[in-house]
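Please keep the sequence and the structure in view while reading.

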Amino acid sequence: MVNQRIFSQVQAVGSYLPEQILTNQDLAEKLDTSDEWIQKRTGIKKRHIAQENEYTSTLAINAAKDALAKANMTADDIDLIIVATATPDHTFPSTASQVQHGLGMSHGAAFDVQAVCTGFVYATSVADAMIRSSQAKSVLVIGAETFSNIVDWEDRGTAVLFGDGAGAMILKAVEQDIEDPNPRGILANYLRSDGQHKDKLYVDGGVSTTQSTGKLRMLGSDVFKLAVRLGSEVIDHVLEASHLQASDVDWLVPHQANQRIISAIAKHYGMPMEKVVLTVSDHANTSAASVPLALAAAIAENKIKKDDIVLLEAMGGGFTWGASIIRW
Ligand code: UT7
């Protein structure tokens with residue numbers, strides 16, 4: 001109908017964390033670091049690490065199954081799977097197609113999105129565009145990573161920061177009255193990238209350069225300095241596009257890289273920390289999985305409720321950065 005508009009509404013969010021836990025203390029036994037330093041500089045206490053037989057797709061499939069169960073849906077109801085990952089099972093095929101197979105699906109479409117830590121926000125924006133343009137009706141948007149495979153475990157500057165995990169969000173096309181002043185669903189997305197920052201955060205290997213996987217390299221303090229400014233840039237855009245103020249936001253769900261970055265962003269917008277979802281202490285930085293894992297944790301704690309304004313924000317390698325704003 002002409003007076004209806006399609007919105008992407010969240011049906012459920014699922015998660016999966018590998019059982020194996022690595023504490024700061026465990027790391028301090030192998031590296032010149034301490035629990036005190038890691039907690040003080042990052043807020044991280046522990047991280048989950050995938051076993052050898054747990055691949056990125058394994059984590060993603062478990063998170064997807066959790067989301068489907070929570071939404072009372074089955075894989076038959078899904079017509080598109082987007083997996084955001086920088087640690088795919090293979091160079092090809094996509095991890096998404098392995099997730100599709102793992103869920104017993106042979107219908108619909110599946111592809112990966114690569115925007116490192118911003119991957120989930122990128123995948124959400126792409127899923128929203130596919131739904132709004134009637135190319136998909138029910139989309140599994142997954143962030144899944146096994147960064148433990150690309151971390152240099154001898155580099156204390158990065159080894160302490162990352163963990164493995166997966167989160168999955170189901171978005172569904174719902175038609176709403178164009179006159180409704182408070183439609184539910186994704187209200188706005190804004191994506192950015194700038195390749196000039198590549199050397200500040202990258203993996204020193206790849207198919208066409210070294211024919212190997214490589215290890216993660218980061219100039220931590222350079223990334224830190226830009227994180228707040230870039231995060232604020234995309235948040236400003238989605239607030240403006242959705243005609244909302246920072247004070248309207250019920251929950252800020254940022255990328256979980258460092259508690260000090262998150263606190264600085266919240267402070268910039270005058271948001272009390274009670275409105276900020278924090279999981280970095282328990283999960284560390286899980287790259288594309290961090291935002292959906294934080295969403296799942298907030299829902300499990302009965303924080304996010306129907307009609308709440310939820311703001312997602314992330315920044316990572318590339319650089320890439322982006323934000324999405326959702327009326328839940
Ligand atoms: O997910 C993508 C986005 N990534 C991020 O957002 C990460 C952004 N960066 C950060 O979170 C922070 O920069 C770090 C946590 C990586 C580092 O914190 P920092 O406060 O920026 O520390 P720094 O790199 O300036 O290093 C301070 C000191 C150095 O020693 P000196 O030169 O002052 O003697 C480091 O060698 O801390 C030392 N250091 C450590 N000490 C104990 C670095 N890593 C460690 C460690 N344990 N693990």
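On the side of domain 1 that touches domain 2, at least two residues each come from β1 (4-16), α2 (35-42), β3 (46-48), α5 (119-132), β6 (138-146) and β7 (164-177). These elements are DSSP runs numbered from the N terminus, helices being H or I with at least four residues and strands E with at least two.

The model is predicted: local features need pLDDT of at least 70, side-chain atom pairs count only at pLDDT 80 or more, and totals for chains, interfaces and linings use all residues. Residues are numbered from 1 along each chain as its sequence is written, and side-chain values use heavy atoms, with hydrogens and water left out.

## Domains and buried area

The domain assignment, which is automatic or taken from a database, gives domain 1 (4-177) and domain 2 (185-327). Their C-alpha centres lie 14 Å apart. The contact (heavy atoms within 4.5 Å) involves 51 residues from domain 1 and 48 residues from domain 2.

Between them the two domains bury about 3800 Å², 65% of it on carbon and sulfur atoms. Buried area is the accessible area (1.4 Å probe) that two parts lose on being put together, summed over both. Of the area that domain 1 buries against domain 2, C117, V121 and I150 supply 17%, more than any other three residues.

## Salt bridges

A salt bridge is a side-chain nitrogen of Lys or Arg within 4 Å of a carboxyl oxygen of Asp or Glu. The whole structure has 8 salt bridges, and 1 salt bridge is found across the interface of domain 1 and domain 2. The side chains of D152 and R217 form a salt bridge, with N to O at 2.9 Å.

K70 and D66 also form a salt bridge, their closest N and O atoms being 2.9 Å apart. These residues are separated by about one helical turn because they are 4 residues apart in helix α3 (residues 56-70).

## Around the ligand

An N or O atom in the side chain of T33 is 2.6 Å from a nitrogen atom of the ligand. For R156, a side-chain N or O atom is 2.9 Å from an oxygen atom of the ligand. G220 places a backbone N or O atom 3.0 Å from a nitrogen atom of the ligand.

Note on methods:
A polar contact is a pair of N or O atoms within 3.5 Å; within protein, one must be able to donate a hydrogen and the other to accept it, and residues adjacent in sequence count only if both atoms are side-chain atoms.
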